[in-house]
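Subject: Handing over the structure, with notes

Dear colleague,

Please find the structure below, followed by an account of what was found in it.

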Amino acid sequence: MSRTDERGVLVDLGQERPPLPARARNLSPIVPRASIHGRALVAVVAIMTFLASMTTGTVLLVSASAAEWQSDVASEITIQVRPQSGRDIERDTVAVTEAMRAQTGIVEVKPFTKEESGKLLEPWLGTGLSMDDLPVPRMIIARVQPGTALDLAALRARVTQVAPSASVDDHRAWIERMRSMTNATVFAGIGILALVIVATIISVSFATRGAMAANRPIVEVLHFVGAGDRYIANHFLRHFLRLGLEGGVIGGGVAMLLFGFSESIAGWFSGTPVGDQFAALLGTFSLRPSGYVVLAVQAVLIGAITAVASRQTLFATLNDVD
């Protein structure tokens, strides 16, 4: 080996080699960290994680809102007193109200006036309509003490005894429909998550094969000097695990920020038909702290899935190289 001295003369160094620190020798990894395949994979994993986080967050919001609806509705009983010829509806309403207040397990009874009952029909009949000539039934809402099991058959018999035109509804059918809708939403969310994971695995497999093809000469040299498949695979595995975690953090972080600001965003549409419908469906749009934990764990899992998928593809590709 030779070098040039200060006078520009070549000097033979013989076997002398300039010492290099260990860190300098390891600055160039086997798998390039900033390649087009790596950037594309980070983008794909970030998008997939974002979609998965939005799906999971929406399912959590719907499930929480449905649970609140079911809890509120299950704690109430609605009595409807219809007008009947030969009977005074005002007297029947008072009689049913007193009978409900005397019932064990009922903590609150609220009878609706004629005007309040008419307002319940405004979404269907509109405003400004005179209710004097319409046979508008009277509504009575009774709140049940939590944990109390009422004998609905006996309650219905007692109510119809004092007011034959009255009917009692415990909303059981509505609760069953709501439970079915919630279960369908959860299953749909699980299906979307499964599709996202499958798409992520396919993307990782193609990215891994592309990285292996781009670095095939390096892999062949490593094989030539005696490096085993596990040694080579570990380098690629760490590379793709880092890319997967990077993409998962980006996608999951954006989704968390969106859910964090969702309540403020919903406030912009407050009072509009669309905003009111979404507020009725999803409540305040705010996730509970446990929801953010679920999204964070999901982002890490997608990063781990990226590493596992790349590992399986790596060994299959190394067998082809051999």
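Helix 3 passes helix 6 in a right-handed crossing, where right-handed means that the near helix is turned clockwise from the far one by less than a right angle, and left-handed that it is turned anticlockwise. Helices (H or I, at least four residues) and strands (E, at least two) are DSSP runs, numbered from the N terminus.

This is a predicted model, in which local features need pLDDT of at least 70 and side-chain atom pairs count only at pLDDT 80 or more, while totals for chains, interfaces and linings use all residues. Residues are numbered from 1 along each chain as its sequence is written, and side-chain values use heavy atoms, with hydrogens and water left out.

To return to the helix pair, the axes of helix 3 (residues 89–101) and helix 6 come within 9 Å and cross at roughly 150°, the axes being lines fitted to C-alpha atoms, for helices over the stretch in contact, with angles from 0 to 180 degrees between N-to-C directions. The two helices, helix 3 and helix 6, are therefore roughly antiparallel to each other, given that angles over 145 degrees count as roughly antiparallel, under 35 as roughly parallel, 65 to 115 as roughly perpendicular and the rest as oblique. Helix 3 contributes Asp92, Ala95, Val96, Ala99 and Met100 to the contact, and helix 6 contributes Leu155, Arg158, Val159 and Val162, where contact means heavy atoms within 4.5 Å.

The sheet is an open one of four strands in the order 4-5-3-6, with antiparallel pairing; two strands pair if DSSP finds at least two bridges between them. Its edge strands, each pairing on one side only, are strand 4 (106–111) and strand 6 (166–169), and neighbouring strands of this sheet are turned by 20° against each other on average, direction ignored. Helix 6 (residues 152–162) packs on the sheet, where it touches strand 3 and strand 6, and its direction makes about 160° with that of strand 6.

Strand 3 (residues 76–81) pairs with strand 6 in the antiparallel sense over four bridges, and threonine 78 has aspartate 169 of strand 6 as its bridge partner. Strand 3 is also joined by six bridges to strand 5 (residues 138–144), the two running antiparallel, with alanine 142 of strand 5 as the bridge partner of isoleucine 77.

Best regards
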